Amino acid sequence: MDAENYGTLIKNLRIQNGLTQNQVAEALGVTPGYISNVENGRTAMSLRILTYYARLVGCSLDSLVGELEPEYTETRCSPMPPHTTLRR
């Protein structure tokens, strides 16, 4: 997801939940300016803050960051073979 759409998504979720930037900032322990910067695509939330934000607005983390593309899951996320135990 590009920064512009990401910021718009964050803003829309905040508004849908009837929250102000000040309320979100207070809940997440950041400044209102930080929330403004996220919503305007000037910065991105850390994974920790994004996780708290998802909980605050009642959505899943993957709905905020996107889902894996099918091609990626078929090639990169295949089950790993069992680990071999080394003996001494």
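Arg14 lies in helix H1 (residues 3-16). Helices here are DSSP runs of H or I with at least four residues, strands are runs of E with at least two, and both are numbered from the N terminus. Arg14 is buried, with a relative accessible area of 9%. Buried means under 20% relative accessible area, exposed means over 50%, and partly exposed falls in between (1.4 Å probe, protein chains only).

The model is predicted: local features need pLDDT of at least 70 and side-chain atom pairs count only at pLDDT 80 or more, while totals for chains, interfaces and linings use all residues. Residues are numbered from 1 along each chain as its sequence is written, and side-chain values use heavy atoms, with hydrogens and water left out.

The side chains of Arg14 and Glu39 are joined by a polar contact of 2.5 Å. Such a contact is a pair of N or O atoms within 3.5 Å; within protein, one must be able to donate a hydrogen and the other to accept it, and residues adjacent in sequence count only if both atoms are side-chain atoms. Neighbours within four places in sequence aside, Arg14 is in contact (heavy atoms within 4.5 Å) with Leu19, Thr20, Gln21, Val24, Glu39 and Tyr53.

The protein has six helices and zero strands. Along the sequence, the pattern reads α-α-α-α-α-α. Of its 88 residues, 23% count as buried. Among contacts between residues at least 6 apart in sequence, 47% join residues at least 24 apart.

Helix H2 (residues 21-28) packs with helix H4 (residues 47-57) at an angle of about 120 degrees, and their axes are 10 Å apart. Axes are lines fitted to C-alpha atoms, for helices over the stretch in contact, and angles run from 0 to 180 degrees between N-to-C directions. H2 and H4 are therefore oblique to each other. Angles under 35 degrees count as roughly parallel, over 145 as roughly antiparallel, 65 to 115 as roughly perpendicular and the rest as oblique. Val24, Ala27 and Leu28 of H2 meet Ile49, Tyr52, Tyr53 and Leu56 of H4. This contact has seven nonpolar, no polar and no charged residues. Ala, Val, Leu, Ile, Met, Phe, Trp, Tyr, Cys and Pro count as nonpolar, Asp, Glu, Lys and Arg as charged, and the others, Gly among them, as polar.

The axes of H2 and helix H3 (residues 32-39) come within 8 Å and cross at roughly 110 degrees. H2 is thus roughly perpendicular to H3. Gln21, Asn22, Val24, Ala25 and Leu28 in H2 meet Pro32, Ile35, Ser36 and Glu39 in H3. Five of the contact residues are nonpolar, three polar and one charged.
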